[in-house]
2 protein chains.
Amino acid sequence: MSNLAELEKMMAKRALKQTRIRRSILRGLLEKGDWTTARDIYEYVKTRQKVDFSTIYRNLDTLTATGILCRVERQDAVSYYTINHHEGHHHHLICKSCQKVVLLDYCPLQAIDPQILENFSNVECKFDLYGFCRECQEQNRNTNAK
Amino acid sequence: MSNLAELEKMMAKRALKQTRIRRSILRGLLEKGDWTTARDIYEYVKTRQKVDFSTIYRNLDTLTATGILCRVERQDAVSYYTINHHEGHHHHLICKSCQKVVLLDYCPLQAIDPQILENFSNVECKFDLYGFCRECQEQNRNTNAK
DNA sequence: AATATAAATGCAAATACTTGCATTATTGAT
DNA sequence: ATCAATAATGCAAGTATTTGCATTTATATT
């Protein structure tokens, strides 16, 4: 879907400076093509150039905030990142065992009584579901049955 | 509403041992009568007896898991706890400035396509809204206008 | 009252992530 | 190509919270 040139255009459009580290983060995520931890991204970049962990975190933040990346949080508070291929606001359902991510094309904000929201501005919505996917349930059944 | 004796009965019903520290945590929260950080609870208990921070966290966890306490998370990942006066599952709207908490008597899980949930078991719902309450908006306007 | 057992605690070390600040690199304008 | 403005980076120290393990305590039973 996306390639590095496209992502660089997106950075330009958002007035983000195109640094070697940023390019490396995006290249790493493109290669992986899947949800990845900050630690794994750090390892990837570090083998290619000098980089500090805080720089990785700061970049993952800005790239996520500008919609270039997408972030989900595991229940143990470890975050996963991937290139954002989806237009518009959405949420996720995450497997508690294998961390598989299912996209939920729904935002609960729309269902909240407007009277309540009336008194608040800049309302942000944190919403995620966590469960065990079918495959992990079955694996677990087998393990326990053994 | 609740007093310590009532809370002790709740602990007994849930087979939680009644330790000095647990009583102290609950007494502190009753005195405060409002959302409180783990740090503040730790300070309160520490002035009364020897206690380690990890014990505070472990107790806040178990007391929350058993429904005796209620927890909300600030956007910067600091948690607030209070005695749970509410029956049943619910969520919160939290002011990003003063941390005021509004109860949302709604769970978005009900609105999710059952076909999606069918493939997952033990689904838990993380849902919170964050915004600026009217008072904080006005204060900010004044500060900026000055 | 003595005791067995399971749960709670303290301690030390680890976790993921954040922040302040001085230095450096990218960018658009000359 | 040079340069000024601004954003990005590295470093060091900080944050809240968690975890493993050995010791202690609360509780139900005798």
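Ala, Val, Leu, Ile, Met, Phe, Trp, Tyr, Cys and Pro are counted as nonpolar, Asp, Glu, Lys and Arg as charged, and the others, Gly among them, as polar. The model is predicted: local features need pLDDT of at least 70, side-chain atom pairs count only at pLDDT 80 or more, and totals for chains, interfaces and linings use all residues. Residues are numbered from 1 along each chain as its sequence is written, while chains are lettered from A and ligands numbered from 1 in the order in which they are written.

**View 1. The surface near DNA strand C.** DNA strand C is surrounded by 26 residues, the closest being Gln18(A), Ser54(A), Ser79(A), Thr19(B) and Ile21(B) (near: C-beta atom, placed from the backbone, within 6 Å). Helix 3 and helix 4 of chain A, with helix 2 (20-32) and helix 4 (53-65) of chain B, each give two or more residues to this surface. Helices are DSSP runs of H or I with at least four residues, and strands are runs of E with at least two, numbered from the N terminus. By type, the surface has eight nonpolar, eight polar and ten charged residues.

**View 2. Buried residues of helix 2 of chain A.** Arg22(A), Ser24(A), Ile25(A), Leu26(A) and Leu29(A) are buried in this helix (buried: 20 or more other C-beta atoms, placed from the backbone, within 10 Å of the residue's own). After helix 2 of chain A comes Gly33(A), with a positive phi near 65°.

**View 3. Strand 4 of chain B and its partners.** Four of the five residues of strand 4 (residues 91-95) are buried. Strand 4 of chain B pairs with strand 5 (residues 101-104) in the antiparallel sense over four bridges (pairing: at least two DSSP bridges between two strands). Here His92(B) is opposite Leu103(B). Strand 4 of chain B also pairs with strand 6 (residues 120-133), in the parallel sense over four bridges, where Ile94(B) has Tyr130(B) as bridge partner.

Key:
Buried ≥ 20, exposed ≤ 12 C-beta atoms within 10 Å, placed from the backbone.
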